[in-house]
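Hello,

Here is the structure you will be taking over. My notes follow below it.

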Amino acid sequence: MSATFLGMPGNFPENSAKAVQNSQLRYNLRKATHTIRGKRAGVVGELPDWLELRAAGKAIKDHTLRNLDRYLVRLEETVTAAGGTVHWARDAAEANGIVAGLVKATGETEVVKVKSMATQEIELNQALAEQGITAYETDLAELIVQLGDDFPSHILVPAIHRNRSEIREIFLDKMPKVPENLTDDPPALAEAARLHLRERFLKSKVAISGANFMIAETGTLVVLESEGNGRMCLTLPETLISVVGIEKLLPSWRDLEVFLQLLPRSSTGERMNPYTSMWTGAVEGQDFHLVLLDNGRTDVLADDVGRQALRCIRCSACLNVCPVYERTGGHAYGSVYPGPIGAILTPQLRGMSSDLDASLPFASSLCGACYDVCPVAIDIPEVLVDLRAKAPHGAAERAGMKVAGWILNDHERLAKAQRAATRLRKLVPKRLPGPLSGWTDTRDLPEIPEESFRDWWERNERA
């Protein structure tokens with residue numbers, strides 16, 4: 001897979017303007033997101049204590065984040081006691097260097113991977129390729145993205161922007177030993193992928209994974225997946241390297257019970273995850289390494305408002321209800337974390353120095369649907385508004401806001417401005433000039449009434 005999200009040109013308005021012109025993309029997204037959100041609503045509605053579970057998940061995550069230093073030290077102790085080796089990575093470069101060094105030490109030049117948002121975030125595949133190591137994705141959707149030289153566009157379903165006809169063409173073009181008469185029937189496509197991946201599983205000596213959760217109490221890592229590829233990667237290779245963000249920590253086994261109910265229902269709309277794999281340290285003689293990734297997370301933790309983004313359990317429920325994501329897809333966000341959660345997490349992890357990152361907090365209608373479905377009650381709209389205030393603004397915009405504040409802070413000035421607007425209403429163009437055109441390029445300018453409400457009220461009160 002080539003290219004990288006980091007440094008992607010443009011900004012969200014430019015990227016989304018192109019995306020909404022793709023009718024096939026919009027159809028694929030609408031069909032997939034509506035299906036998943038419908039399944040989620042059904043299984044969530046079955047639980048009379050869903051709101052209590054949601055509150056419990058939020059409380060557990062908040063407690064863990066407040067005591068993250070203590071629980072991380074405890075995790076290192078328990079993983080080490082179980083025969084594993086813990087590595088600490090401050091940023092992407094350090095994490096990639098650690099993983100590349102571990103793979104080189106085995107003498108292998110190929111690795112298989114379980115779907116991992118953290119390794120995509122640090123662009124591990126590209127870093128390994130630069131060291132002569134080839135990484136093969138084994139999750140079906142990730143495999144489609146990799147073979148298609150594409151980018152993931154969804155947290156749960158990375159190839160959500162592709163339909164089955166497009167997937168068939170990718171398999172025929174890029175997958176070796178695929179029968180020429182391959183159809184776009186889902187079972188046929190799955191069988192082709194299964195045969196392709198089985199060969200990888202059986203000959204690979206090194207695997208790289210992420211983790212949905214880490215248990216500080218026992219040093220156990222947990223991966224939830226739906227295809228069985230995770231089980232194959234975690235058990236067959238002689239060396240297992242797990243790259244996990246430090247926020248994925250839970251204090252105890254008892255806490256895990258809450259999230260094993262929240263995550264499947266919120267992500268795939270299932271009551272229970274098909275494959276839940278857990279391992280503690282070096283299992284059955286396997287050499288196990290855990291790379292704990294910071295990469296900006298401690299900076300997010302220091303933000304009173306933004307730190308709630310670290311509660312995220314990567315369920316993607318917010319993407320499936322977001323009207324903006326449904327129309328633009330994930331590529332417009334220029335990040336491995338698309339949708340509402342990406343709009344608040346990416347600018348905090350990467351900063352807002354680029355046009356793309358500075359535009360992400362504005363990639364929302366602030367409708368609040370994302371907050372309503374979040375299983376750990378992240379108030380995404382609150383963080384979006386906070387980040388919008390912190391984003392860089394042009395000189396014209398800052399000047400405009402100062403003028404608006406000066407007028408709105410005094411009722412007499414406001415009344416005079418309203419009267420002046422009504423008198424000059426016919427002179428106001430449909431499209432505003434200069435820096436103000438950014439407003440009218442994407443929305444209609446409201447009609448200015450012939451009389452302000454203030455004047456109407458005074459006239460009627462006098463009558």
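Which helices do the buried residues of α19 pack against? They pack against α14 (317-321), α16 (339-350) and α18 (369-373), where contact means heavy atoms within 4.5 Å. Helices are DSSP runs (H or I, at least four residues), numbered from the N terminus.

First, the basis. This is a predicted model, numbered from 1 along each chain as its sequence is written; local features need pLDDT of at least 70, and side-chain atom pairs count only at pLDDT 80 or more. Totals for chains, interfaces and linings use all residues, and side-chain values use heavy atoms, without hydrogens and water.

Back to α19, residues 380-390. Its buried residues are Ile380, Pro381, Val383, Leu384, Leu387 and Arg388. Buried means under 20% relative accessible area, exposed over 50%, partly exposed in between (1.4 Å probe, protein chains only). Down the axis of α19, these residues fall within an arc of 160 degrees, so they line one face of the helix. The arc is taken from the directions from the helix axis to the C-beta atoms.

Now the salt bridges. The structure holds 25, each a side-chain nitrogen of Lys or Arg within 4 Å of a carboxyl oxygen of Asp or Glu. Asp303 and Lys390 form one, at 2.5 Å, N to O. Asp303 lies in the loop between α13 (297-301) and α14, and Lys390 in α19, so the pair ties together parts 87 residues apart in sequence. Asp303 is buried at 18%; Lys390 is partly exposed at 42%. Glu121, Glu247, Arg297 and Arg314 are linked in a network of salt bridges.

Best wishes

Methods
Helix = DSSP H or I, 4+ residues; strand = E, 2+ residues; numbered from the N terminus.
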